[in-house]
Amino acid sequence: MKVIGIETTCDETAVAVVEENLGAACGHILSNEVLSQIAQHAAYGGVVPEVAARAHIEALDRLIIRSLTQANLDIQDIDAIAAAGGPGLIGGVIIGVTAAKAIALATNKPFIAVNHLEAHALTARLIEEIDFPFMALLLSGGHTQLVAVKAIGNYQRIGSTVDDAAGEAFDKVAKMLGLPYPGGPEIQTLAREGDPQRFDFPRPMIGRQGADFSFSGLKTAVRLEIMKLGNLSQTDKKDLAASFEAAMVDIIVDRVRNGIRLFNEMEGRANGLVIGGGVAANTAIRRALTRLCAEVGMRFIMPPSQLCSDNGAIIAWAGLERLRLGLINDLDFAPKPRWPLDANYSVLHHGKA
Ligand code: KG4
Ligand code: ZN
């Protein structure tokens, strides 16, 4: 079984082909083409939806052909066409979904609309053999949530951010330090040479019940410290980055520790924890979560950073998981700017979708 996956929800245009790994319960990536639009957005200090949509249109056809060529396949060899159907910037989502539907119609093959967050969560099963239930921690520029993954299509949020997404916090602090967008990797590089103990920044939510995240108080504390320091030396910048990153790590570890406890109370033992989203590429966060999982005796699934950030392989894989269960979509599927993994969460909690 082979599925092509299209990702256009944010600022990466990406197409991949994934097949079932015969004899193993995980997948095999035959091609994974990613075109980042960072250069087009950098001048604006963030992603501009209209610029993103235009760039997706320009690149998508070419990437679909390149992905098939790389996999050494013809479109007729593919069993289904999957696209991220949301959540995301609606202009981009419409482009990816429309392209997938058009191919499905022309080739008479099934179309599958994949929830982008579901795709990050199911990456665990693309790279390793793992049964449900497990936990997924999604940390990106737009989302921060801890999810119980119970079965395909059965997800329950255990915790969410009440303000900024983790990547947003990295990007905003980077901007304050005069670093280019995206700020996460820049902060990581600076932090490596800084003193994480020089500034004792607050760690919102730590010690509180539940597994919700909050980063905005930390961001404000960094802003106030920068104003107090006035002209920043390179050492100040490195220490600010290191102290901020250390606080982010502490918040995330505390929240995930609580989340694991909550999961165990709800579901019994989770079979593992998988991370996804661009921020999951952060080495300090990866190291800290590796330690936490070792401490609580939980398997930790850490996809390579190119499978943590947005890409087509995770969309194709989620499509393949759905295809195996016969979960295909009609061509009247409407692209969704918002698409919570569990519809009830927003009602039960305060969280954003
Ligand atoms: O998942 P992603 O590629 O795009 C979406 O937001 O959907 O995530 C991008 C985010 C940006 O906020 C970026 O600054 C952050 O991930 N990021 C990092 C690192 N690499 C990317 N944050 C911290 N450390 C990193 N190494
Ligand atoms: Zn993503």
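The model is a predicted one, so local features need pLDDT of at least 70 and side-chain atom pairs count only at pLDDT 80 or more, while totals for chains, interfaces and linings use all residues. Residues are numbered from 1 along each chain as its sequence is written, chains are lettered from A and ligands numbered from 1 in the order in which they are written, and side-chain values use heavy atoms, with hydrogens and water left out.

Back to ligand 1. A backbone N or O atom of glycine 167 is 3.2 Å from an oxygen atom of the ligand, and a polar side-chain atom of aspartate 310 also lies 3.2 Å from an oxygen atom of ligand 1. On its own, ligand 1 has 550 Å² of accessible area, and the protein covers 88% of that (Shrake-Rupley method, 1.4 Å probe; for residues, only the protein chains shown count as cover). Helix 5 (166-176) and helix 6 (183-191) are the elements that give two or more residues to the shell, and helix 6 gives the most, with four. Helices are DSSP runs of H or I with at least four residues, strands are runs of E with at least two, and both are numbered from the N terminus. There are 18 residues around ligand 1, of which Gly141, Asp171, Gly184, Gln188 and Gly278 come nearest; to be near, a residue needs a heavy atom within 4 Å. By class, the shell has five nonpolar, eleven polar and two charged residues, where Ala, Val, Leu, Ile, Met, Phe, Trp, Tyr, Cys and Pro are nonpolar, Asp, Glu, Lys and Arg charged, and the others, Gly among them, polar.

Aspartate 310 turns up again at the metal. The zinc ion (ligand 2) has His116 (NE2), His120 (NE2) and Asp310 (OD) as its protein donors, lying 2.1 Å from it. Donors are N, O and S atoms within 2.8 Å of the metal (3.2 Å for Na, K and Ca), and sites may look incomplete because water is not among the atoms. The donor spacing in sequence is H-x3-H-x189-D. Histidine 116 and histidine 120 are about one helical turn apart, because four residues separate them in helix 4 (residues 116-127). Histidine 116 counts as buried, at 5% relative accessibility, and so does histidine 120, at 3%; buried means under 20% relative accessible area, exposed over 50% and partly exposed in between (1.4 Å probe, protein chains only).

Now for some other buried positions. Leucine 139, in strand 6 (residues 134-139), has a relative accessible area of 0%. Leaving out residues up to four places away in sequence, leucine 139 touches Gly276, Gly277 and Gly278, among others, contact meaning heavy atoms within 4.5 Å.

Aspartate 342 lies in the loop between helix 11 (312-324) and helix 12 (345-348) and is buried at 9%. The side chain of aspartate 342 reaches the backbone nitrogen of arginine 157 at 2.7 Å.

Alanine 71 is in the loop between helix 2 (49-70) and strand 4 (80-86).

Key
Polar contact = N/O pair within 3.5 Å; in protein donor to acceptor, adjacent residues only side chain to side chain.
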